[in-house]
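Here is a friendly briefing to read with the model open beside you. Have a look at the chain first, then work through the notes by topic.

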Amino acid sequence: MWLLDTTSLELRRFNAPPDKQGDDRYAILSHVWNQSGEQSLQDIKRIVSRAKGRDPLLPQRRGSHPPVWDDSRLSAKIRDCCAFARSMGYRYVWIDSCCIDKTSSAELSEAINSMFQWYSRAAVCLAFLDDVDACEDPSAQGSAFRRSRWFTRGWTLQELLAPRDVLFLSKGWQMLGTKEDLADVIEDITGVDHGVLTMEQALHSVGVARRMSWASKRETTREEDEAYSLLGIFGICMPTIYGEGRNAFFRLQEEILRQIPDHSIFVWGTFPFPVIEDEDSNPEVDSRDDSIGDSEPLSYMTSSTPLIHWHETATDLHGRLFNSCSGIPTNTKQYLLAPSPRVFEHSSGISPVDVDTLQDLLGGRLLSLAIPHYTMTSCGVETRLPVIARDFGKSVAVLACQNERQQLIGLVLQKTPLAGQYAINTRTPDGLFSEDPCWPGVGNGRAVAIHKSRSWTTHLRSASQQTICIAHRPSASLRYDGCRADIPKRSGWDVENIFHGPCSIVIPQWNLSLLSSLGCLPGWPNPGSVILVKAAKDGLPSCTLAFHVPSRSGSSARILIHIALCPRRSRRAHEERWPLHATVSELSDRASPSTHPVSFSRCAEQHVAKWEGASRTWKLRCSSVTLKFRSWPCGEQTSESILQPVFSLQLDIQLR
């Protein structure tokens, strides 16, 4: 990595962060990048070279270039940062925008993996808030400090946590306070524990889910940076591959599983689920035993005053209500690993439980209960967990973590068609919870919080240690529903929207050649050209395609393919679009088509959108004809020679 000399603006390369007590100690800048971009390492080198009069791209006129600090091309942020650091006695400063050679993928990957270390070993971190004025009290409710963009960016989280000393600066480079002074305010803004901010609590002592929750409301420009900006927070090193998209966060979680024995990483996402009220609020309920835990199972409800209610608002695993769900894509909820840090927003109260505590809660029956270990397979994550078997093919895997009420958390598992594989149940709790009077847990469908009640001990102590494989991330081998979940399937409604007109029909040339070789000759001019289908007039089809076909008697017949737009109704009348209509008839060569008008009496059956797979077969007197329509990927532009949309038509004629 490179450090910027605060006096000469020259860049000096260091293989490791200098000691913060030595002569080369450095300050480090934390800031939000400008939307227009920041100056790069190459830009700084060019400015310094120009100031020295040896820029190879400029005329060599010594003495004609201004000093480096007076160069108008130098960013004001870099100039002011160096001036401030220099005034504080620091010879060097590190700025992420210009102290990494981003043209080198190897250097960029090294910088990202070591960035947390560089921030932690800096003498001071200068947090520059360009949207905060120095005259306003940072602790005031609604202050610009509380609303600063700096607290919403993904990379600034590790820049807040890694250094011991963070100095917050206003847009005029005036001091607002230190991280320690403003710890209470920052905790309120970010959710990061006060002890972690003041270095009284070690970062690694905080559970994985809670650390993820700190990043849940932060944003990054690149999707991959959601994962890369968290590497140092979890002590992970892994290759950076820009272009891998969401896969980066899955890789991060796999590395966390290998290095951190914490089940809370599996507890993410919140959805509506049944809420069991505290029985003290209902006088008709027989408490029976004052020694029972927080709430009673459904078996102690009276029929007239049920304790279970379905709320339209969502409830998290700590029993708190909130107004909106976390917006998780539905095709990722069934997997063990999370698609993004954003889905940990309501997991801040989930904390890990040590193995000995879990062993005691399970009644000491599972003598083989051990530290969690995981094996990545093509079908998912293989691990050993205490499992409570239920009906309907569902089970509950008890995790070594708990919520704020000290209630254990369990994952609701559903068997898949693959032998030995499970997926996370994502449906709203059904008979597994609401109809079982002995089930002591309530949850959000994906996970449940197990209440301390009369029957909870019975259920927990019925758990058996099992080796199970849980589908952990979307991939081709894990689509247990038999389809690619990220590609929408065409339902009937979609097909109806696809096959409408006016439109253009194209019959592939190879299809016409194949029919001609069988003796089925097209009887219209330019058969290889585009066929335009417009609105029908007076009940007659827009176009009729005729094929002359031989028959066994030696005479010939004609097959007529009638294509039109339905004249009876317009699904999108305001858009002037009508359903595509097609039918087939057969005539002898002597008959005139005009004497056999097309009937629309069975209109709905003749809509292409109503056909299964947009294909239909007609069995005629001397032949069998199959029409198969397909949609072509085209734009929305219409010209004189072609109408959008465009459909291909494949014909299959079997002579009898």
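The notes below go from the whole chain to single helices, strands and residues.

This is a predicted model, in which local features need pLDDT of at least 70, side-chain atom pairs count only at pLDDT 80 or more, and totals for chains, interfaces and linings use all residues. Residues are numbered from 1 along each chain as its sequence is written, and side-chain values use heavy atoms, with hydrogens and water left out.

**The whole protein**

- The protein has 13 helices and 30 strands; these are DSSP runs numbered from the N terminus, with helices being H or I over at least four residues and strands being E over at least two.
- Of the 656 residues in the protein, 52% are buried, where buried means under 20% relative accessible area, exposed means over 50% and partly exposed lies in between (1.4 Å probe, protein chains only).
- Among contacts with a separation of 6 or more, 65% are between residues 24 or more positions apart; a contact here means heavy atoms within 4.5 Å.

**Helix H3 and its surroundings**

- Helix H3 covers residues 105–120, which is 16 residues, and reaches 23 Å from its first C-alpha to its last, close to the 22 Å expected at 1.5 Å a residue; the expected span is 1.5 Å times one less than the number of residues.
- At Ser114, H3 bends by about 55°, the bend being the angle between axes fitted to the seven residues ending there and the seven starting there.
- Ser114 is also one of the buried residues of H3, a list that includes Glu107, Leu108, Ile112, Phe116 and Trp118.
- As background, an α-helix has 3.6 residues a turn, so residues three or four places apart point the same way.
- Ser97 sits in the loop between strand E4 (92–95) and H3, and is buried with a relative accessible area of 4%.
- Leaving aside neighbours within four places in sequence, Ser97 is in contact with His31, Trp33, Glu38, Gln39, Ser40, Leu41 and Lys102.
- Arg121 lies in the loop between H3 and strand E5 (124–128), and is partly exposed at a relative accessible area of 30%.
- Pro17 is 104 residues from Arg121 along the chain, yet their C-alpha atoms are separated by 6.7 Å.
- Besides Pro17, the contacts of Arg121 include Pro18, Asp19, Lys20 and Tyr26, with neighbours within four places in sequence left aside.

**The five-stranded sheet**

- An open sheet of five strands runs in the order E21-E27-E26-E25-E23, with antiparallel pairing; two strands pair if DSSP finds at least two bridges between them.
- Strands E21 (500–501) and E23 (521–522) stand at the edges with a single partner strand each, so one side of each is left without a neighbour in the sheet.
- E23 pairs with strand E25 (residues 543–550) over two bridges in the antiparallel sense, and Leu521 has His548 in E25 as its bridge partner.
- Arg558 is in strand E26 (residues 556–565) and counts as buried at 14% relative accessibility.
- Arg558 and His548 are ten residues apart in sequence, with 4.7 Å between their C-alpha atoms.
- His500 is in strand E21 and counts as buried at 11% relative accessibility.
- Not counting residues up to four places away in sequence, His500 touches Arg577, Trp578, Pro579, Leu580, Pro645 and Phe647.

**Strand E19**

- Strand E19 (residues 447–450) is covered on both faces: Ala447 and Ala449 on one side, and Val448 and Ile450 on the other, are all buried.
- In general, the side chains of a regular strand alternate between the two faces of the sheet.
- Strand E16 (residues 408–415) runs antiparallel to E19 and is joined to it by three bridges, with Gly410 having Val448 as its bridge partner.

**Cysteines**

- The structure holds zero disulfides, a disulfide being a pair of cysteine sulfur atoms within 2.5 Å.
- Cys99 is in no disulfide, and the nearest cysteine sulfur, that of Cys98, is 4.2 Å away; Cys99 is buried with a relative accessible area of 0%.
- Cys622 is in no disulfide either, with the nearest cysteine sulfur, that of Cys520, 9.3 Å away; Cys622 counts as buried at 8% relative accessibility.
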